[in-house]
Amino acid sequence: MKRAVRAVYPGSFDPITNGHIYIAERAAAIFDEVQVSILVNPQKRSMFSVDERHMMAHEALSYLPNVTVDHFEGLLIDYMRQQRSRVIIRGLRAMSDFEYEFQMALMNRQLAPEIETFFIVTDPKYSYLSSSAIRDIFQFGGTVQDMVPPGVFRRMRERFPRHTGT
Ligand code: PNS
């Protein structure tokens, strides 16, 4: 019997953006299951807690029946093995992403040769989007409404009522 292929789409997702959703949607059209997995990194200052990020991602992706959300700590390849997944999904926005992604993919392959990294190219309309840019723009009062799912935008406004970001 053919085994279902579960791909893991790891990242910080602080917060999830429309660009991430596009990648998850493309991956969900190819793989049987896609697990969006949020890295728990206590060393990195984040705008949203892991639980909040998890909730926002879950809400935004609930229209895709074969996409689930999870979070993990430690090395990605350890998590992959624990989850019995051999496919890592990463999105590429521009050539500038490539160097970092290439290094990470090679490092992960060195550590776990059985695991493959698949890159999905973004839609050009999302090529400028990043969670860090969204955090900055919002905190300095810029408009991010068209860049994130409605639930994320609502939480950003609830969370930072002093900021005038729209
Ligand atoms: O959304 P991001 O911040 O670009 O995601 C980066 C992520 C979470 C995929 C990467 O930092 C990661 O896999 N971290 C877990 C620790 C690890 O395995 N590091 C070795 C990879 S070279």
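Colleague: Which backbone nitrogen lies 2.9 Å from a polar atom of the side chain of Asp14?
Modeller: The backbone nitrogen of Phe48 lies at that distance of 2.9 Å from the Asp14 side chain. A polar contact here is a pair of N or O atoms within 3.5 Å; within protein, one must be able to donate a hydrogen and the other to accept it, and residues adjacent in sequence count only if both atoms are side-chain atoms. This is a predicted model, in which local features need pLDDT of at least 70 and side-chain atom pairs count only at pLDDT 80 or more, while totals for chains, interfaces and linings use all residues. Residues are numbered from 1 along each chain as its sequence is written, and side-chain values use heavy atoms, with hydrogens and water left out.

Colleague: Where is Asp14 placed?
Modeller: Asp14 is in the loop between strand E1 (6-11) and helix H1 (18-30). Helices (H or I, at least four residues) and strands (E, at least two) are DSSP runs, numbered from the N terminus.

Colleague: Does Asp14 count as buried or exposed?
Modeller: Asp14 counts as buried because its relative accessibility is 4%. Buried means under 20% relative accessible area, exposed over 50%, and partly exposed in between (1.4 Å probe, protein chains only).

Colleague: What does Asp14 touch?
Modeller: Not counting residues up to four places away in sequence, Asp14 touches Ser46, Met47, Phe48, Arg53, Ser131 and Arg135. Contact means heavy atoms within 4.5 Å.

Colleague: What joins Asp14 and Pro15?
Modeller: A cis peptide bond does, with omega at about 0°. Pro15 lies in the loop between E1 and H1, and Phe13 has its place in the loop between E1 and H1 too. Phi of Phe13 is near 50°, a positive value in a residue other than glycine. Phe13 is counted as buried because its relative accessibility is 2%.

Colleague: Now Arg84: what is its phi?
Modeller: Phi of Arg84 is near 55°, again positive in a residue other than glycine. Arg84 sits in the loop between helix H3 (76-83) and E4. With a relative accessible area of 74%, Arg84 is exposed.

Colleague: Moving on, how do E4 and E5 pair?
Modeller: Strand E4 (residues 87-92) and strand E5 (residues 116-121) pair in the parallel sense over 6 bridges; two strands pair if DSSP finds at least two bridges between them. Ile89 stands opposite Phe118 in E5.

Colleague: What do E4, helix H4 and E5 make?
Modeller: With helix H4 (residues 95-111), they make a right-handed β-α-β unit. Right-handed means that, with the strands pointing away from the viewer, the path from the first strand over the helix to the second runs clockwise.

Colleague: And Ala60, what does it touch?
Modeller: Ala60 touches Ile16, Ile21 and Pro149, leaving aside residues up to four places away in sequence. Ala60 belongs to helix H2 (residues 50-61) and is buried, with a relative accessible area of 15%. Between the C-alpha atoms of Ala60 and Arg155 there are 12 Å in space, though they are 95 residues apart in sequence.

Colleague: Finally, how many helices and strands does the protein chain have?
Modeller: The protein chain has 6 helices and 5 strands, in the pattern β-α-β-α-β-α-β-α-β-α-α along the sequence. Buried residues make up 46% of its 166 residues. The C-alpha trace spans about 55 × 35 × 30 Å along its principal axes.
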